[in-house]
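Please open the structure in your viewer and keep a selection panel at hand. The stops below move from strands to charged side chains.

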Amino acid sequence: MRICVFLSAADLDDRYTRPAREFAELLGKGGHTLVWGGSDVGLMKVVADGVQSAGGRLCGVSVDFLAASARPGADEMVIAKDLAERKRLLLAKSDAVVIMVGGTGTLDEATEILELKKHGHTDKPVVLLNTAGFYDGLKEQFRRMEAEGFLPRPLTDLVFFAEEAVGALAYLEESRGIG
């Protein structure tokens with residue numbers, strides 16, 4: 001499976017890097033391909049290192065203004081002209097999506113895939129990996145949107161909330177009939 005991971009390129013502490021590395025190693029050991037923002041810094045590097053060291057493949061999609069930090073030695077690296085093209089390519093190259101901890105860019109990517117699912121433009125499974133409760137507030141907001149009629153589909157049709165890496169990957173593999 002080609003799994004797109006939306007996540008931060010920031011240097012983060014162990015409560016975020018450890019679970020990300022764990023997910024990456026599970027992804028690699030499962031023979032999957034990481035599709036990610038292509039960066040060789042911060043949490044993006046941690047995940048790429050983990051996937052590669054566990055035998056998985058790397059498919060990066062960087063963007064012109066970040067190309068200097070693109071990971072050398074990825075199995076595939078594409079440089080998009082802008083962020084919109086980058087998101088489109090990340091989704092086009094993947095079978096499933098995992099949303100890890102991140103900032104506004106990650107949130108933008110997350111809401112775009114959920115909007116596409118909401119309108120039936122994709123059926124890719126989406127997991128929000130709620131490491132260290134990072135997305136508790138967002139999870140609550142999504143539940144409020146559902147309860148108050150802002151979502152035309154049940155929230156469970158849009159996203160699976162996972163607290164642990166193993167649960168995230170198990171959900172994706174089950175969704176795609178792997179395992």
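How many bridges join β1 to strand β5 (residues 96-99)? Select both strands: they run parallel, and 4 bridges join them, where two strands count as paired if DSSP finds at least two bridges between them. Helices (H or I, at least four residues) and strands (E, at least two) are DSSP runs, numbered from the N terminus. Within this pairing, pick F6, whose bridge partner in β5 is I99.

Before going further, note that this is a predicted model, in which local features need pLDDT of at least 70 and side-chain atom pairs count only at pLDDT 80 or more, whereas totals for chains, interfaces and linings use all residues. Residues are numbered from 1 along each chain as its sequence is written, and side-chain values use heavy atoms, with hydrogens and water left out.

Stay with β1 (residues 2-6) and colour by accessibility: the strand is mostly covered, 4 of its 5 residues being buried (buried means under 20% relative accessible area, exposed over 50%, partly exposed in between, with a 1.4 Å probe and protein chains only).

Now turn to the charged side chains, for which a search of the whole structure finds 15 salt bridges, each being a side-chain nitrogen of Lys or Arg within 4 Å of a carboxyl oxygen of Asp or Glu. Select K45 and D49, which meet in one at 3.0 Å, N to O; both lie in helix α2 (residues 42-53), 4 residues apart, about one turn of the helix.

In helix α3 (residues 83-92), select R88 and E85, which are 3 residues apart, or about one helical turn, and whose side chains form a salt bridge at 3.8 Å, N to O. Finally, select E112 and K87, whose closest N and O atoms are 2.6 Å apart in a further salt bridge. This pair links distant parts of the chain, with E112 in helix α4 (residues 104-118) and K87 in helix α3, 25 residues apart. E112 is partly exposed at 29% relative accessibility, whereas K87 is buried at 10%.
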